[in-house]
Each structure stands twice: as C-alpha cells, then as structure tokens.
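Please open the model in your viewer and keep the sequence panel beside it. The tour below goes from one selection to the next, and at each stop it says what is there.

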Amino acid sequence: MNNTKLNRDNCFLSRDLDICNDRGELVAVATILIGKPVEDNDSAWSCSYSISGIAELNDSTYRVKGVDSIQALFGVFSVIEGTLSGTQIVQQGLLQWCGNNKAHFLR
C-alpha cells in the first residue's frame, strides 16, 4: 500500500475534526486517515497518512518510516500533530474534536 492513496475503505485508523467559524459554528470537516504500518523491502517499516479538508494543506498521502511498526505509527502521530499545529485554523482555535478546540487531536 506504499503508493496507494488512502481512503476510508483502505485505512487502518481515521478521525474527523470539525472546522468551525469564529462563532463556533461548523463550516467543514477535516479528515485524518492512517494506514496500517507495513514492512518495506529494506527491512524498515513505513506508515501512510493523509489529512484532507484543510485548504492550507496538500491533500496527498505521505509516509513516515521507522525501524519497526510501532515507531512508524508513533512517528505518524507526531507528524500529524505537528502539521496540524502549524495551520492557521488551529492557531485561531477553529479546529475542534469532540467540541473542544483545546483538545490534543491525537490523544
């Protein structure tokens, strides 16, 4: 699945996040998809992820490598949280999960 675009049918994990306006009203939904970690040909592991629905981010599938499946999966969590933290909608408090814009999105 290394070169396959992630979707709801082939992902391992998914989470929807609400994008709200400054009055807290839902205006869109962002989706995080994470693929199952897979062993690469070079004995390393990789884990695919995508973030869609956020205009300032490119809607593509990316991979994070690790020495084993757990390191690759933990790496994806860190990369996603770092990527989201750098967006204007997070910095403005407009991205919510479970009705809370202060929540850690991946914990």
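Predicted model: local features only at pLDDT ≥ 70, side-chain atom pairs only at ≥ 80, totals over all residues.

**The whole chain**

Of the 107 residues in the chain, 38% count as buried. Among the contacts with a separation of 6 or more, residues 24 or more positions apart account for 44%.

**The nonpolar core**

Next, select I34, I54, I80, L84 and L95, which touch the most other members of the largest nonpolar core, a group of 19 residues. The elements that give two or more residues to this core are β1 (13-20), β2 (26-34), β4 (45-52), α1 (69-85) and α2 (88-91), and α1 gives the most, with five residues. In soluble globular proteins, nonpolar side chains tend to be buried together.

Keep I34 selected and show what surrounds this residue: leaving aside neighbours within four places in sequence, its contacts include L6, F12 and L13, together with C47 and Y49, and also L73, V76, F77 and I80.

**Helix α1**

Now select residues 69-85, the helix α1. At the start of α1, look for D68, where a side-chain oxygen reaches to within 3.3 Å of the backbone nitrogen of I70.

Then highlight A72, L73, G75, V76, I80, E81 and L84, which are the buried residues of α1. What covers them includes β1, β2, β4, β5 (61-66), α2 and β6 (95-96).

Move on to β4, where six of the eight residues are buried, so the strand is largely enclosed by the rest of the structure.

- β3 (residues 38-39) pairs with β4 in the antiparallel sense over two bridges, and V38 has S46 as its bridge partner in β4.
- β4 and β5 also run antiparallel, with six bridges between them, and the bridge partner of C47 in β5 is V64.

**Two loops**

Stay with β3 and β4, which form a hairpin with five residues between them, and select S43 in the loop that joins these strands. S43 has a positive phi of about 70° although it is not a glycine.

The last stop is K36, which lies in the loop between β2 and β3. Is K36 buried or exposed? Its relative accessibility is 58%, and therefore K36 counts as exposed. Leaving aside neighbours within four places in sequence, K36 is in contact with F12 and S46. Finally, draw a distance from the C-alpha atom of K36 to that of Y49: these two residues are 13 residues apart along the chain, and the atoms are separated by 9.3 Å.

Terms used. Residues numbered from 1 in each chain as written. Heavy atoms only, no water. Buried < 20%, exposed > 50% of the residue type's maximum accessible area, 1.4 Å probe, protein only. Contact = heavy atoms within 4.5 Å. Core = buried A, V, L, I, M, F, W, Y, C linked by side-chain atoms within 4.5 Å. Helix = DSSP H or I, 4+ residues; strand = E, 2+ residues; numbered from the N terminus. Polar contact = N/O pair within 3.5 Å; in protein donor to acceptor, adjacent residues only side chain to side chain. Pairing = 2+ DSSP bridges.
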